[in-house]
Structures are given as structure tokens and as C-alpha cells.
Amino acid sequence: MVGRIMPNFIEIRKGDSFTIPLQFKNKDGFIDISGAKVNLYVKDNESGKIVLSKSGSIDDGVLGKASISLTPEDSENMAVEGDYSTNIQITFAQGEVHTIYPSDISKTASFVISPTIKE
């Protein structure tokens with residue numbers, strides 16, 4: 001699985017699988033995310049349309065662990081050099097919604113597709 005997540009961008013190779021690991025904690029320790037939902041959104045900046053909406057899984061709610069798994073099909077219809085923005089949101093069981101990526105509220109994050117050589 002080749003890909004990377006940095007403070008202001010997520011990069012994957014076109015057609016590859018990549019899992020984004022997440023863990024929620026604060027100064028008091030882990031945040032219980034049992035019953036929460038985690039979602040990744042990718043928007044084409046030119047058209048303004050969402051080109052990818054992906055639900056994650058809660059892997060260990062008590063320890064605040066979740067992940068979002070991208071499949072080869074997720075990037076198949078996206079241009080290698082597209083102009084994309086992304087964010088990740090968590091919706092807690094009580095209905096509270098928080099954008100957790102990018103963590104800097106004054107920044108936007110990019111979603112980058114790198115080329116691949118395929119037969």
C-alpha cells in the first residue's frame with residue numbers, strides 16, 4: 001500500500017490501495033468514538049463537485065481508532081493531475097460533526113493522484 005498523508009495533503013498512486021489510519025485523543029487520553037462515523041470527501045476544484053465520498057470504519061472505538069480504506073476503484077475515474085481538495089469529518093453518535101483533517105482550520109488540504117505504469 002503506497003500512499004501518504006501529510007498535514008496539508010493526501011497522496012496516492014492511481015489504482016493503488018491505501019488505508020488512512022486515524023486515532024482520536026486529547027490531553028486526557030483517547031476519545032471514545034464508539035457509534036461515530038468517519039468520512040473522507042474529495043472535491044474537484046474546477047467543477048466544485050464531490051468526486052469521492054468514502055466512509056471509514058471504527059476499528060476500536062474505546063481507543064479512538066478508525067481508518068479509511070481507499071481501493072483501486074476509488075481513484076480510477078480521477079485525473080492524475082486533477083485539482084482536488086479534501087477533508088475528513090467525524091460525526092459522533094450524539095450528532096456533533098467535526099472536521100478533523102486538515103487540523104489547521106485556516107488551511108485546505110489537497111488530494112493528489114500520482115501516476116502509475118500499468119499494462
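These legends describe views of a predicted model of one protein chain. In this predicted model, local features need pLDDT of at least 70 and side-chain atom pairs count only at pLDDT 80 or more, while totals for chains, interfaces and linings use all residues. Residues are numbered from 1 along each chain as its sequence is written, and side-chain values use heavy atoms, without hydrogens or water.

View 1. Helices (H or I, at least four residues) and strands (E, at least two) are DSSP runs, numbered from the N terminus. The order of elements is β-β-β-β-β-β-β-β-β-α-β-β-β. The C-alpha trace spans about 45 × 30 × 20 Å along its principal axes.

**View 2. The largest nonpolar core has 24 residues.** Such a core is a set of buried Ala, Val, Leu, Ile, Met, Phe, Trp, Tyr and Cys residues joined through side-chain atoms within 4.5 Å. Buried means under 20% relative accessible area, exposed over 50%, and partly exposed in between (1.4 Å probe, protein chains only). I10, L40, L70, I88 and F111 have the most contacts inside the core. Elements giving two or more residues to this core include β2 (9-13), β6 (37-44) and β10 (84-91).

**View 3. Surroundings of I88.** Leaving aside neighbours within four places in sequence, the residues in contact (heavy atoms within 4.5 Å) with I88 include I10, L40, N39, H98 and Y101.

**View 4. The loop holding L63.** L63 lies between β8 (57-60) and β9 (65-70). L63 counts as partly exposed because its relative accessibility is 33%.
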